[in-house]
Amino acid sequence: MTTTSNRTSSAGSRGSAASLYQQLRGHLAVLKLDAAAAALPSVLETATAEKWTMTATLEHLLKVEVDATEARRLAGRMRFACLPTGATLADFDFDAAPGLDQALIRELGTCAYLESATNVMLVGPPGTGKTHLAVGLAHAAVHAGYRTYVTTAADLAARCHKAAIEGRWSTTMRFFAGPTLLVIDELGYLPLPAEAASALFQVVAQRYLKTSIVITTNRSVSEWGEVLGDTTVAAAMLDRLLHRSVVLKLDGDSYRLRDHHARNETHRTAIAPSRRPL
Ligand code: ADP
Ligand code: MG
């Protein structure tokens with residue numbers, strides 16, 4: 001008897017269903033589970049209507065919060081990555097890149113190479129899809145949950161130069177050591193300032209065997225000494241970059257010019273009838 005009356009008084013102290021509901025809302029607010037708090041009324045309503053078990057109800061509610069957290073983290077990684085375009089591996093046209101190992105690109109798309117700190121070097125003339133593939137790899141890495149950052153060789157060199165002047169060298173080096181994947185686009189396009197070689201070398205050296213770099217270049221490795229203005233640093237940098245790496249050579253016609261030729265062809269076809277001899 002005593003036990004029953006205790007139980008009754010305990011339930012009474014907790015209050016009615018309405019106040020229990022308010023307490024639950026309060027717990028969710030304190031724990032900052034905002035998505036779960038917002039979904040609570042509809043989840044409870046569906047749970048009652050569909051006679052969900054308590055476990056199923058809790059699972060549904062927490063799944064809402066987990067989905068919201070994952071979406072927020074993905075958006076954060078995406079913002080941090082600074083992807084210059086929305087290019088993905090899925091919209092890369094392999095027919096336009098004969099000789100490129102499609103299976104290897106697919107394999108890279110799984111991001112397994114990031115676990116062994118393997119580097120990827122994309123070498124080829126302008127317009128052959130190097131940046132597209134590099135950004136596609138970055139996109140895949142962001143979606144797989146890896147902290148990723150995309151920059152160009154010229155931008156990296158300029159930031160390091162500025163950091164050295166402003167006394168922020170070690171902070172900047174730590175920044176470039178941080179992401180699991182660092183994409184350095186366009187090595188060789190623009191002339192680099194004198195101290196760029198040592199900045200790039202330090203970035204490569206501190207990531208060596210720890211985290212991956214995807215680098216794109218229009219210059220063959222034999223020309224890197226010239227690109228960096230220092231053959232010794234270029235050799236030391238290449239040594240580290242290539243030690244554990246996948247090198248992809250892209251050649252053939254520029255995709256940009258291909259588009260351009262196709263457009264010309266369309267225009268030619270469109271105006272052709274007026275040119276037909278009478
Ligand atoms: P690169 O960096 O080698 O100079 P980009 O990757 O910038 O060349 O390619 C130039 C343009 O052509 C981009 O808009 C890119 O998306 C597109 N492109 C290049 N190759 C392909 C391809 N095989 N499939 C689809 N788009 C491509
Ligand atoms: Mg490019």
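An oxygen atom of ligand 1 lies 2.7 Å from a polar backbone atom of Gly 127, in a structure that is a predicted model. Side chains also take part in the surroundings of the ligand: an N or O atom in the side chain of Lys 130 is 2.8 Å from an oxygen atom of ligand 1, and an N or O atom in the side chain of His 132 is 2.7 Å from an oxygen atom of ligand 1.

Two packed helices are described by the angle between their axes and the distance between the axes. For helix α8 (residues 153–165) and helix α9 (residues 169–177), the axes come within 8 Å and cross at roughly 150 degrees; because angles over 145 degrees count as roughly antiparallel, α8 and α9 are therefore roughly antiparallel to each other. Leu 156, Arg 159, Cys 160, Ala 163 and Ala 164 of α8 make this contact with Trp 169, Thr 172, Met 173, Phe 175 and Phe 176 of α9, and the residues of the contact comprise 8 nonpolar, 1 polar and 1 charged.

Helix α5 (residues 102–109) is capped at its N-terminal end by Asp 101, a side-chain oxygen of which lies 3.2 Å from the backbone nitrogen of Ala 103. Following α5 is Cys 111, with a positive phi near 70 degrees.

Methods: Residues are numbered from 1 along each chain as its sequence is written. Chains are lettered from A and ligands numbered from 1 in the order in which they are written. This is a predicted model: local features need pLDDT of at least 70, side-chain atom pairs count only at pLDDT 80 or more; totals for chains, interfaces and linings use all residues. Side-chain values use heavy atoms; hydrogens and water are left out. Axes are lines fitted to C-alpha atoms, for helices over the stretch in contact, and angles run from 0 to 180 degrees between N-to-C directions. Helices (H or I, at least four residues) and strands (E, at least two) are DSSP runs, numbered from the N terminus. Angles under 35 degrees count as roughly parallel, over 145 as roughly antiparallel, 65 to 115 as roughly perpendicular and the rest as oblique. Contact means heavy atoms within 4.5 Å. Ala, Val, Leu, Ile, Met, Phe, Trp, Tyr, Cys and Pro count as nonpolar, Asp, Glu, Lys and Arg as charged, and the others, Gly among them, as polar. A polar contact is a pair of N or O atoms within 3.5 Å; within protein, one must be able to donate a hydrogen and the other to accept it, and residues adjacent in sequence count only if both atoms are side-chain atoms.
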